[in-house]
Amino acid sequence: MSAAQSLMLPLTPELAAQLAAATERTGLPPAELALRALADHLDGVTAYGRLGEEMAFIKDRLAELAGIVGEALAEPPPAAVGEICRYRAPKAPPA
């Protein structure tokens, strides 16, 4: 995808009023103000999106880790206990 060289955006009345006030305060043309604002905030907006994706990835890995830990800490089935323990107390004769 090629980089956009020109962009037309509709502004809400509130945003248009803010732009007009900023133009009056700074003496800069509206297009220059919009370009500066876009340049200042574009990296932040894209970084926020990446941060959300990375957080979702970390949450998924933590869920997997919790599952693995749960399996490792689970009680073994009774048949497996006999295979795990070599040294067992002798069974008492039935009384």
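Me: In this predicted model, is Arg36 buried, partly exposed or exposed?
Reply: Residues count as buried under 20% relative accessible area and as exposed over 50%, with partly exposed in between. Arg36 has a relative accessible area of 43%, and because that value falls between the two cut-offs, Arg36 is partly exposed.

Me: With which residue does the side chain of Arg36 meet in a salt bridge, and how are the two placed in the chain?
Reply: Both partners lie in helix α2, four residues apart, which is about one turn of the helix. The N to O distance is 2.9 Å, and a salt bridge requires a side-chain nitrogen of Lys or Arg within 4 Å of a carboxyl oxygen of Asp or Glu. The partner has a relative accessible area of 31% and is partly exposed; the residue that meets Arg36 is Glu32.

Me: How many salt bridges does the chain have by this rule, and what is the N to O distance in the one between Glu64 and Arg61?
Reply: The count comes to two salt bridges. Glu64 and Arg61 are three residues apart in helix α2, so about one helical turn separates them. Glu64 counts as partly exposed at 44% relative accessibility, and Arg61 is partly exposed at 34%. Their side chains meet with an N to O distance of 2.8 Å.

Me: What accessible area do the residues of the nonpolar surface patch with Leu65 have together?
Reply: Leu65 lies in helix α2 and is partly exposed, with a relative accessible area of 46%. Because patches are made of residues with over 30% relative accessible area and no salt bridge, the value of 46% for Leu65 passes the area cut-off. The patch is formed by Phe57, Ile58, Leu62, Leu65, Val69 and Leu73, and their accessible area together is about 610 Å².

Me: Which helix supplies the largest share of the lining of the largest pocket?
Reply: The lining consists of 20 residues, and those nearest the pocket centre are Leu9, Leu11, Ala31, Ala34 and Leu35. Two helices, α1 (13-26) and α2 (30-73), each supply at least two residues of this lining. The largest share, nine residues, comes from α2.

Me: How many nonpolar, polar and charged residues line the largest pocket, and how much space lies in it?
Reply: By class, the lining has 16 nonpolar and four polar residues, while charged residues are absent from it. The space that lies in this pocket is about 580 Å³.

Me: What share of the residues in the chain is buried, and what share of the accessible surface belongs to carbon and sulfur atoms?
Reply: The chain has three helices and zero strands, and its elements run α-α-α from the N terminus on. Of its 95 residues, 3% are buried. The accessible surface of the chain comes to about 9100 Å², and the share that belongs to carbon and sulfur atoms is 66%.

How values were computed
Residues are numbered from 1 along each chain as its sequence is written. This is a predicted model: local features need pLDDT of at least 70, side-chain atom pairs count only at pLDDT 80 or more; totals for chains, interfaces and linings use all residues. Side-chain values use heavy atoms; hydrogens and water are left out. On a 1 Å grid over the protein atoms alone, a cavity is a set of points where a 1.4 Å probe fits but cannot get out, and a pocket is an open set with protein on both sides within 12 Å along at least five of seven lines; lining residues have an atom within 4 Å of a point. Grid points are joined across faces, edges and corners, and a volume is the space filled by probe spheres set on the points. Ala, Val, Leu, Ile, Met, Phe, Trp, Tyr, Cys and Pro count as nonpolar, Asp, Glu, Lys and Arg as charged, and the others, Gly among them, as polar. Patches are made of residues with over 30% relative accessible area and no salt bridge: like charges are joined within 9 Å, nonpolar side chains (Val, Leu, Ile, Met, Phe, Trp, Tyr) within 5 Å. Accessible areas come from the Shrake-Rupley method with a 1.4 Å probe; for residues, only the protein chains shown count as cover. Buried means under 20% relative accessible area, exposed over 50%, partly exposed in between (1.4 Å probe, protein chains only).
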